[in-house]
Amino acid sequence: MASIAVRKKEVTRDLDHCDIPYYVSEFVERELGSDYDSLGKLDSLIEKLSENKKHLEEQVLTVSSEVPKRIQKALKNAEDSKKSLSQLLEEETVLSESISSHLLKAQPWMEDLDVLIGQVEEIERHLAYLEWISRIEELSDSIQQYLLTNNVPEAASTLAFMAELDIKLQESSCSHLLAFVRSTVKFWHKILKDKLTSDFEEVLAQLRWPFVGPPQSQAFGLAAPANAPEVYNSLEMLFCQLLKLQTSDELLTKPKQLPEKYPLPPSPPIVLPIQIMLNPLQKRFKYHFTGNKQTNVLNKPEWYLTQVLMWIGNHLKFLDDKIQPILDKAGSSVNAGLEFSRALVMLILEKLAADIPCLLYDDTLFCHLVDEVLLFERELYSVHGYLSSFPSCMHILSEESCFQRWLTVEKKFALQKMDSMLSSEAAWISQYKDITDVDEMKVPDCAETFMTLLLVITDRYKNLPTASRKLQFLALQKELVDDFRIRLTQVMKEETRASLGFRYCAILNAVNYIATVLADWADNVFFLQLQQAELEVRAESGTMSQLQLGQLASMESSVFDDMINLLERLKHDMLTRQVDHVFREVKDAAKLYRKERWLSLPSQAEQAVMSLSSSACPMLQTLRDRLLQLEQQLCHSLFKIFWQMLAEKVDLYIYQEIIMANHFNEGGAAQLQFDMSRNLFPLFSHYCKRPENYFKHIKEACIILNLNIGSALLLKDVLQSASENEPLKPSQPSATAALNELGVYKLAQRDVEILLSLRASWPNTGK
C-alpha cells in the first residue's frame with residue numbers, strides 16, 4: 001500500500017493524451033483506498049474486471065463483423081442508383097430527340113391551326129356582334145309593338161332593360177355597337193318620355209299642380225271630387241312608368257353641375273317624375289329671379305329664398321300623402337319631400353353662384369345675403385327636415401373667395417359692434433340690476449352683448465360642411481375674445497386710481513363672466529368636436545409638442561384654454577389691486593389701534609361690561625364699509641375671492657404689526673380677544689359660518705395670550721423642554737400635542753414662545 005501511495009503521488013495526469021496510468025491509479029484509489037482490510041476484495045474485483053473485459057471483447061468482435069456488411073450493402077445500393085440514373089439519362093435523350101422531331105413535323109400544322117382558330121374566333125365575335133344587334137333590334141321591335149298596342153308599361157320596362165344592356169356594354173371597345181345601342185335607347189326614350197310627360201302633365205293639371213298658394217287654398221290637390229280616384233290612379237300609373245325611364249334618362253341626360261370650385265357633395269339625379277313635377281316651378285323661378293325682372297335684385301335675396309320655402313311648404317303634404325306611397329310601392333328608397341326640396345335648393349345654389357361674384361365687395365349687400373341665407377338654412381333644416389348630406393347654401397359660402405370675404409365681413413361688423421357696445425352709456429350697467437335672482441353674475445351690458453355676439457357667430461358657422469372652415473371661424477372668435485380682453489384692460493387702466501369704483505368692478509365682473517362662459521362652452525359637444533379636429537390638423541402639421549397634443553387628446557385642455565388663462569390672470573391682477581387698496585385703507589385706519597396701551601388696560605374683572613376699543617372703530621368701520629360696497633358691486637364668486645384674500649392680509653397684519661409688536665397684561669389680552677372675536681370676526685360672518693378660521697394667526701395668538709397662569713406655565717415648561725431636547729416625563733405631552741390640545745395648529749413653536757414672552761404678568765416662581 002505504501003508503494004501504491006508513493007506511486008499515486010508520482011502519477012500525474014497527461015491532459016493531451018488518453019492517460020491510462022492515471023485512470024488506473026484513480027480506479028485503485030476509489031476501490032481500495034488506504035485500508036489494508038480492503039485487499040480482500042482484490043479477488044472479486046479481478047473477477048469482475050475480467051468479465052467486463054470479456055464482454056467488451058465480444059462487443060468489439062460483433063461490431064467488427066457487422067460494419068463491413070453494412071458498407072458493402074451501401075456500396076451496392078450506390079452502384080444500382082448509378083446504373084438507374086444512366087438508364088434514365090439515355091431514355092431522356094431519346095425522348096427529347098423524338099419530341100424535337102415531332103415538333104418540327106407539326107410546326108406547319110400548328111401555323112395552319114392558329115390561322116383557323118383566329119378565323120373561328122373572329123367569326124364568333126361577328127356572331128356575338130350580330131347577336132347584340134339582333135337583340136337590340138328585337139327589343140326595339142318589341143317597344144314598337146307595345147306602343148302600337150298602347151301597352152306603355154311594357155314598353156317602358158323593355159326600354160329599362162335595354163338601358164341596362166347599354167350600361168353592361170360600356171366596357172366594350174366596339175364603338176359602333178355602343179353608338180347603335182345608345183342611339184336606339186335615345187330614340188325610344190325620347191318617344192316614351194314625351195308621351196308619358198305629356199300624359200303626366202295633363203294629370204298634374206287636373207290636380208291644379210303646382211300649388212302656388214297655401215294648402216288650405218288648393219283647389220284640388222288633396223281635395224276629393226267625384227273623379228278623384230280615377231285621377232289618382234292615372235297619377236300612380238304614369239309616375240311608376242316614368243320611374244322605369246330613370247335609368248335611360250340618367251344615361252342620356254347630363255345633370256347640370258356647378259363649377260368645380262364649389263365643393264358640393266356627390267348626389268344622385270332627381271327622379272324623373274319629380275323632375276317633371278318641378279318644371280313649372282323652375283320656369284317660374286327663372287322668370288322672376290333671372291334677367292331684368294323687377295323681382296331679380298341683388299339687395300333682395302330674401303325674395304327668392306322665401307319663395308322656395310313657400311313652395312316646399314305648400315307641396316309637402318301632397319308629396320307625403322300621395323307621392324310617397326307610390327315610391328314605397330315601387331320599392332324606391334327616395335323620400336318624395338326631400339327629393340322635391342333638394343331640387344329646389346339646387347335652384348338656390350345656381351342663383352347664389354351667379355349673384356355672389358356681383359356683390360362680393362359690397363359689405364352691406366354681402367352681409368345681408370349671408371344673413372338671409374343663414375335664416376333660410378335654419379328653416380330648411382329645422383322645419384322641413386333637410387339632410388346635412390345634401391348640397392346646401394353653406395357649400396356655396398365655403399368657396400374660398402366667398403368664405404374669406406365672409407370671414408372679413410364677420411370680423412369687421414363684430415369689431416364695429418364691439419366699438420358701439422363699449423361706447424354705449426349703458427355699457428357697464430347690468431340689464432338685470434333690479435332683478436336679484438337673475439343678476440347673480442352682475443354682468444355689465446357690454447360683456448353680455450359681446451358673448452351674445454360670439455354665440456350668434458357660432459350659430460352662423462356651426463353648419464359649415466367641413467371642420468377646416470369651422471376652425472377658421474373658431475380662430476376668429478378667439479381673436480375677438482383677445483381683442484375684447486385688450487379693450488377691457490385699456491379701460492381698466494384708466495380706472496386704476498378708482499379701483500373700488502363702479503366701472504372698475506363692472507370690468508372685473510365682465511372678465512369673470514367671459515371666462516366662466518368660455519369654460520362652459522369648452523364642454524359643449526360642438527366645441528369638443530372642433531377640439532378633435534384641431535388635434536388632427538395640428539398632429540399632421542407638427543405645430544404642437546407631444547405634451548400639448550396629449551393634453552388636447554385627453555381633454556385636459558380645451559380650445560379656449562389660452563383665452564381663459566389670460567382672462568384669469570387679468571381677473572387675479574384686478575382683484576389683487578382691489579385687495580391692496582382696501583388693505584392700505586385698513587392699515588391707515590388702524591394706526592391708533594397699533595398704539596393702544598395694551599400693557600396698562602384694566603382687567604375684565606375691573607370692568608362692568610367689555611366694550612370695543614375706541615381706537616379699533618376706524619379700522620372696523622373701514623372694513624365694514626368696503627365689504628358692503630364690494631358685495632354690492634362684485635358678483636358672488638368674485639366677492640368670495642376678494643374677502644378671503646383681504647382676510648388673509650388683515651390676519652397677518654394684526655398678528656405681525658399689533659400683536660407681535662406689543663406686550664399685553666391680562667386686561668390687554670382680554671380686550672384684544674374681545675375686539676377680534678366679538679367685532680372683527682362677525683364682520684365676515686355674513687359670508688361664512690366660521691369666520692375665525694380665516695384669522696388663524698389672530699385666533700391662536702389670543703388663545704395663548706389669554707391662557708390662565710397655570711396653563712401658561714405648563715405650556716412654557718413643555719416648550720422649553722422641547723427646545724432644549726430634554727426627555728419627556730411619563731405624563732408630559734409633546735410640544736405639538738400640548739399646542740393642539742389648546743387649539744393651536746397654525747402657529748409654530750417658536751412663535752408661541754414669543755407670544756408667551758409678550759405676557760406681562762408672570763408669578764415669581766423663584767427661578
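Leaving aside neighbours within four places in sequence, Asp355 is in contact with Leu298 and Tyr304, where contact means heavy atoms within 4.5 Å. Asp355 belongs to helix H10. Helices (H or I, at least four residues) are DSSP runs, numbered from the N terminus. At 10% relative accessibility, Asp355 counts as buried. Buried means under 20% relative accessible area, exposed over 50%, and partly exposed in between (1.4 Å probe, protein chains only).

The model is predicted: local features need pLDDT of at least 70, side-chain atom pairs count only at pLDDT 80 or more, and totals for chains, interfaces and linings use all residues. Residues are numbered from 1 along each chain as its sequence is written, and side-chain values use heavy atoms, with hydrogens and water left out.

The domain assignment of the protein chain gives four entries: domain 1 (43-122), domain 2 (254-398), domain 3 (404-558) and domain 4 (572-758). These bounds come from an automatic or database domain assignment. The centres of domain 1 and domain 2, taken over C-alpha atoms, are separated by 86 Å.

The largest nonpolar core has 201 residues. Such a core is a set of buried Ala, Val, Leu, Ile, Met, Phe, Trp, Tyr and Cys residues joined through side-chain atoms within 4.5 Å. Phe450 and Phe642 have the most contacts inside this core. H10 supplies the largest share of the core, 14 residues. Not counting residues up to four places away in sequence, Phe642 touches Leu575, Gln578, Val579, Val582, Leu627, Leu630 and Leu634. In soluble globular proteins, nonpolar side chains tend to be buried together.

The largest pocket has a volume of about 910 Å³. A pocket is an open set of points on a 1 Å grid over the protein atoms alone, where a 1.4 Å probe fits, with protein on both sides within 12 Å along at least five of seven lines; lining residues have an atom within 4 Å of a point. The volume is the space filled by probe spheres set on the points, which are joined across faces, edges and corners. The lining of the largest pocket counts 33 residues, and Pro255, Lys256, Pro269, Ile270 and Met346 are the closest to the pocket centre. Helix H5 (175-206), helix H7 (246-252), helix H8 (272-289) and helix H10 (336-359) each supply at least two lining residues. H8 gives the most, with 7 residues. The lining divides into 17 nonpolar, 8 polar and 8 charged residues. Here Ala, Val, Leu, Ile, Met, Phe, Trp, Tyr, Cys and Pro count as nonpolar, Asp, Glu, Lys and Arg as charged, and the others, Gly among them, as polar.

Several loop residues were also examined. Ser392 lies between helix H11 (363-382) and helix H12 (393-397). Ser392 is buried, at 2% relative accessibility. Beyond four places in sequence, Ser392 touches Val345, Leu349, Glu377, Tyr381 and Tyr386. Thr466 sits in the loop between helix H14 (445-461) and helix H15 (467-494). Thr466 is partly exposed, with a relative accessible area of 34%. Thr466 and Ala533 are 67 residues apart in sequence, and 9.9 Å apart in space, C-alpha to C-alpha.

Most residues other than glycine have a negative phi, and most peptide bonds are trans. A cis peptide bond joins Trp209 and Pro210, with omega about 0°. Pro210 is placed in the loop between H5 and helix H6 (228-244). Arg208 is found in the loop between H5 and H6, and has a positive phi, near 60°. Phi of Lys442 is also positive, near 50°. Lys442 lies in the loop between helix H13 (400-423) and H14, and is partly exposed at 23% relative accessibility.
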